[in-house]
Amino acid sequence: MKKNSIYTLVALVAVVAFIFFAQSNLDNFTLRILNLCAIFAILGLSLNLINGFTGQFSLGHAGFMAIGAYTTAILTISPAMKQMIYVNVPIVKCLENLRAPFPIALIIAGLLTAVIGFFVSAPVLKLKGDYLAIATLGFSEIIRILFTNMSSITNGAAGLKAIPQATNLWWTFGIVAVTTLVLTSLINSSYGRALKAIREDEIAAESMGINLFKHKIIAFVIGAFFAGVGGGLLGNLITSIDPNYFKFTITFNILLIVVLGGIGSITGSIIAAFIVTIVDQMLVALDMPMNLGFINYPGIPGIRMVVFSAALMLVVLFYRNGLMGTNEFSWDGFFGLFKRKKKTGGAK
Amino acid sequence: MNLGTFFQHMTNGISLGSLYALIAIGYTMVYGILRLINFAHGDIFMMSMYFAFLGVAVFGLPWYIVFPLVIVFTGLFGMGVEKITYKPLRDAPKISILISAIGASFLLENVATVFFSGLPKVFPVPEIFARVIKIGSVSIQVISFIIPVVTIVFLIGLLYLINKTKTGMAMRAVSKDYETARIMGIDVNRTISITFGVGSMLAAVGGLMWGSKFQQITPLMGIMPGLKCFIAAVIGGIGNVKGAVMGGFILGMGEILLVAFFPAYTGYRDAFAFVLLIVILLVKPTGLTGEKIAEKV
């Protein structure tokens, strides 16, 4: 036990040292990918809490992210800049001079998303399975349509530009750590056991005295909070957002992370977020023409998404448990992995 | 608003409602049997229009040969999608099937984007459909009259198939009780496959009509009608063909009337369906015609 906490400490120091090194030495492109990896880890974790641990199939993440991203963006853009961005319809007076430092803006974004998540989930969570999926998907579409039309707040279809690039590795990796900590302590508490009971069998859980509604709401609101924070980080990383960025496609991306990592595994979501984001960036190359020496690959625009959706289907059809199933990382398991590998290596 | 424009809005509402009804039937049939949303249905609808585009614009065949071929081919295509996407997961948890369906939907959209590019293509509208009739001050496309007629013809055919034939009896049996139907010697896989085929054929009919009315096709055009028609099916009471038709008309008329009477809210047109869905689900979760189902342990 003590040995394991030393390992954890060493790993933490290594990560901190890596961030320290990366933030000042790596080029912008690599930094952006690393940031995206961490942001998608946060988003994957928050969706996994709702879909994986509680078993409520929600497809509303794009909506939550949009709320978080817009809130953070509006709070961090300077008043002078706002006047330049809102060309068609001037911004409403009360928001014009409203400003908050980035961390406060993130927290406000998370809280606002959580509050909206509460009011959305309270009626919607009466539904189950497919109905819940389509209702939450409907909610995220409504958010997108509202944001396209409420020009005095969101600047409509043109979106927000020149958002200060406040997101850096410290924030993204720090918040991944916080999210992981919050989720692990939640899942290992009595609340977490109740959530898993709901996932396994709602009727049985209810007859054991678990308040279904309360626990589902808890999972939903916490999930919405982190989705909002993740959205905020994303907006301040890519510096320009518009309502069409928050289409169903992005929910699908997060869903792919959750499924690939293992529905109901925190470690899995984090690993899958890194894999999916990095592979996604690598696949961009498939859209471009390239010369492989022996053949001239013409570059097929859009082939990246074909590979992506085929990957999701293959995972679900043949590898349903994902990378981690419902297992979590532990040092014993980690070292056990090497031992087993050595054994099979010896047998050969 | 004078009588002429009112009449124009009504014909628009009826033809849009008929289109929604045709597509919603496919959702409701599949849901009735498998208890799952066929997320790929909207994309099968989209593919049918590209098949027609291929037949007329690329192979140069006349439309009266292409259209029936498209309907048959889309039916087979839908069966193929079922074989790959749903059949291997018949005993898997529901969440896996749902994800697989979403994956299939995205795959179709992106394959279409790669093959046909994301730029809109012009649907080969048959000349007689595109003609415009003038009644007083109102001018209406012929297609707006053809759509409801076609819908009614196919609806009668479908009701005959479901209620009077042996295949239809098997479909009803499987949707009532999957296990018992199997015990009774019904080939469940074959019945499911036929259901997908019939649903996809109706989606193709809807697609051909849709293409003739709106005249533009893009790879992502199936998403919104797909979602809306699922909503129509839910509103009417999912699993019920007549309910789907009713839901389709309510949604189509509602949308057109919203645009007609509140032009300022035209931007919220797509939100209308979702708001209606959430309201219906909260007030009467089983839809307008649905009966309450007791939960079994």
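Residues are numbered from 1 along each chain as its sequence is written, while chains are lettered from A and ligands numbered from 1 in the order in which they are written. In this predicted model local features need pLDDT of at least 70, side-chain atom pairs count only at pLDDT 80 or more, and totals for chains, interfaces and linings use all residues, with side-chain values based on heavy atoms and with hydrogens and water left out.

**View 1. Chain A as a whole, with 16 helices and two strands.** Helices (H or I, at least four residues) and strands (E, at least two) are DSSP runs, numbered from the N terminus. The radius of gyration of chain A, taken over C-alpha atoms, is 21 Å, close to the 20 Å that the globule rule gives for 348 residues, so chain A is as compact as a globular protein of that length; the globule rule is 2.2 Å times the number of residues to the power 0.38. The C-alpha atoms of chain A fill a box of roughly 70 × 65 × 40 Å along the principal axes. Of the 348 residues in chain A, 51% are buried, where buried means under 20% relative accessible area, exposed over 50% and partly exposed in between (1.4 Å probe, protein chains only).

**View 2. Chain B as a whole, with 12 helices and four strands.** For chain B the radius of gyration is 19 Å, close to the 19 Å from the globule rule for 297 residues, so chain B is as compact as a globular protein of that length. Its C-alpha trace spans about 60 × 50 × 35 Å along the principal axes, and 53% of the 297 residues of chain B count as buried.

**View 3. The interface of chain A and chain B.** Here 40 residues of chain A are in contact with 44 residues of chain B, contact meaning heavy atoms within 4.5 Å. The area buried between the two chains is about 3700 Å², with 81% of it given by carbon and sulfur atoms; buried area is the accessible area (1.4 Å probe) that two parts lose on being put together, summed over both. In chain A, Asp130(A), Tyr131(A) and Ile134(A) lose the most area to chain B, together 19% of what that side buries. Across this interface the rule finds zero salt bridges, a salt bridge being a side-chain nitrogen of Lys or Arg within 4 Å of a carboxyl oxygen of Asp or Glu.

**View 4. Ser265(A) in the loop between H13 and helix H14 (266-287) of chain A.** Ser265(A) counts as buried because its relative accessibility is 0%. Leaving aside residues up to four places away in sequence, Ser265(A) touches Asn48(A), Phe53(A), Met324(A), Gly325(A), Thr326(A), Asn327(A) and Glu328(A).

**View 5. Thr179(A) in helix H9 (residues 169-187) of chain A.** With a relative accessibility of 0%, Thr179(A) counts as buried. When residues up to four places away in sequence are not counted, Thr179(A) touches Ile42(A), Leu45(A) and Phe226(A).

**View 6. Trp331(A) in helix H16 (residues 331-347) of chain A.** Trp331(A) has 16% relative accessibility and therefore counts as buried. Trp331(A) touches Asn4(A), Tyr7(A), Thr8(A) and Ala11(A), not counting residues up to four places away in sequence. Between Trp331(A) and Ile222(A) there are 28 Å in space, C-alpha to C-alpha, and the two are 109 residues apart in sequence.
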